[in-house]
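Grab a pencil and work through these exercises with the model open beside you. Try each task before reading its solution.

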Amino acid sequence: MNKYVCPGCGYIYSEESGDEFEGFPAGTKWIDIPADWACPSCAVRDKQDFQKFED
Amino acid sequence: MAQYNTYNHVEKIKTKDTKRYLWWLPLLVAVSPIIGIKIYEATGNPLFPWLTPILWYIFIPLGDFVFGRDDANYRDSRSEEIENDVFYKWLVFLSVPLFYVTWIYSAWWIATVANSTTAYLGVTIGVALTNGLALVVGHELGHKNNQQEKNLAKLVLAVPAYGHFSAEHNRGHHKDVATPDDPASARLGESLYKFILREIPGAFVRAFHDENVRLKRKGKSVFSIENQILQSFFITFLLYGGALYTWGPVILPFILISTLWGWQFLSTSNYIEHYGLLRQKQEDGRFERTRPEHSWNADHIVSNIMTFHLQRHSDHHSRPTRRYQVLRSDDAPQLPTGYAGCFTMAYLPFLWRKVMDHRVLEQYNGDILKANLDPKKRDALIRKYTKGDSNE
Ligand SMILES: [Zn+2]
């Protein structure tokens, strides 16, 4: 399970917990997130701008 | 931040939080229609039902002229402290019930006490303007990444009947800002009136479209109770429906005028915030990332206080989650005055274009092709602004 971070605002998408409000149930893989999805927190950055996040 | 350095802006740093105790002033504006009514009742002076319009259209532009700009920023460590200080967000929370109090009190007064059409109209336009301020508050709250503030946004946006704002603004406008795809970014050559007729329906359609996409992913219908837009409009229905039921048709002009004029307030802000500015297309076909130069900035202190720093719009679009009290003044295109004064200019399209078109061109070093052009006027604009260019 991986995490991806928005380089603009720091929003983190975690495959493990998903994002319920956005309609991605827990376990939704990054690859299954639509390509035209933008950061739900800032909308300044798009999916392809996100970086893999290591904690 | 050298890449935005088109204005030789010398960054001013301050450590003292000089505006801290000024931020309650918008709360006073939120109840100003009631204050106006009370003074009117005490003095009989027929100007006082018009207190709020007089404030917004006369005293705030005048205040901007007299007190000028405040373009100082906090250094990063100080900024973080101030951003985390809950005092500021509590002021915003506190304003939410005030918009309800003002709306209900004014409706009651108009329906049962007001004895002249001019008093009725003055209070109605006053409430239209506090509805506009409710939209500013809804904007501030809707950007925050927690459910508490998002819920408060729905509640406050119900007063001006603009429950689709959060969906439309956060996922639509911010994604597409300063591109031809955005109904909420004005184009060079486009008059305010043409823009309003494009933006208001465009925003509504985009909001429902985006909310539908989100709900579909969850396997829900657009009419589900999880629809954030309908939740807010349901509260509007209770408020407006309750007023109509209680006071009858006498309240109908109040509802229509205050709501439509309030929407106009929002639309006019949108009009001036990105007029003519364009994010350039990159080689990979994407628009360049939103930077301060894609929004007009205004540092005029009086109108900035009244709008919770909304006018520091360049920074807002670069960092949309940043709280109002720490929004920065940027090396960005600068409006000639605050929003209150710009509103009146925008109402007069010839004046607006005289003041603004050359500013847009200066932003692009005279290259009209880099601006966001009204497609209907594209050829005429190119002819007009490349005339005398001997480079061809
Ligand atoms: Zn983000």
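**Exercise 1. Work out how much of chain B is buried, and how its fold is put together.**

Step 1: check the overall dimensions. The radius of gyration of chain B, taken over C-alpha atoms, is 21 Å, which agrees with the value near 21 Å for a compact globule of 392 residues; the globule rule is 2.2 Å times the number of residues to the power 0.38. Along the principal axes, the C-alpha atoms of chain B fill a box of roughly 70 × 55 × 45 Å.

Step 2: list the elements. Chain B has 16 helices and two strands, which are DSSP runs (H or I, at least four residues; E, at least two) numbered from the N terminus.

A word on the ground rules: this is a predicted model, where local features need pLDDT of at least 70 and side-chain atom pairs count only at pLDDT 80 or more, while totals for chains, interfaces and linings use all residues. Residues are numbered from 1 along each chain as its sequence is written, chains are lettered from A and ligands numbered from 1 in the order in which they are written, and side-chain values use heavy atoms, with hydrogens and water left out.

**Exercise 2. Find the residues at the centre of the contacts in the largest nonpolar core.**

Step 1: join up buried Ala, Val, Leu, Ile, Met, Phe, Trp, Tyr and Cys residues through side-chain atoms within 4.5 Å. The largest such core has 92 residues, and among those touching the most other members are Trp56(B), Trp103(B) and Leu141(B).

Step 2: look for a separate core. A second one holds 12 residues, including Cys6(A) and Phe24(A).

**Exercise 3. Describe the site of the zinc ion.**

Step 1: pick out the donors (N, O and S atoms within 2.8 Å of the metal, or 3.2 Å for Na, K and Ca; water is not among the atoms, so sites may look incomplete). The SG atoms of Cys6(A), Cys9(A), Cys39(A) and Cys42(A) coordinate the zinc ion at 2.3 to 2.4 Å.

Step 2: check the angles. They run from 104 to 113° among the four donor atoms, making the site tetrahedral (all angles between 85 and 135 degrees).

Step 3: compare accessibility. Cys6(A) is buried at 2%, whereas Cys9(A) is partly exposed at 25%.

Notes: Buried means under 20% relative accessible area, exposed over 50%, partly exposed in between (1.4 Å probe, protein chains only). Four donors count as tetrahedral if all angles lie between 85 and 135 degrees; four count as square planar and six as octahedral if opposite donors are over 155 degrees apart and all others between 65 and 115; anything else is irregular.
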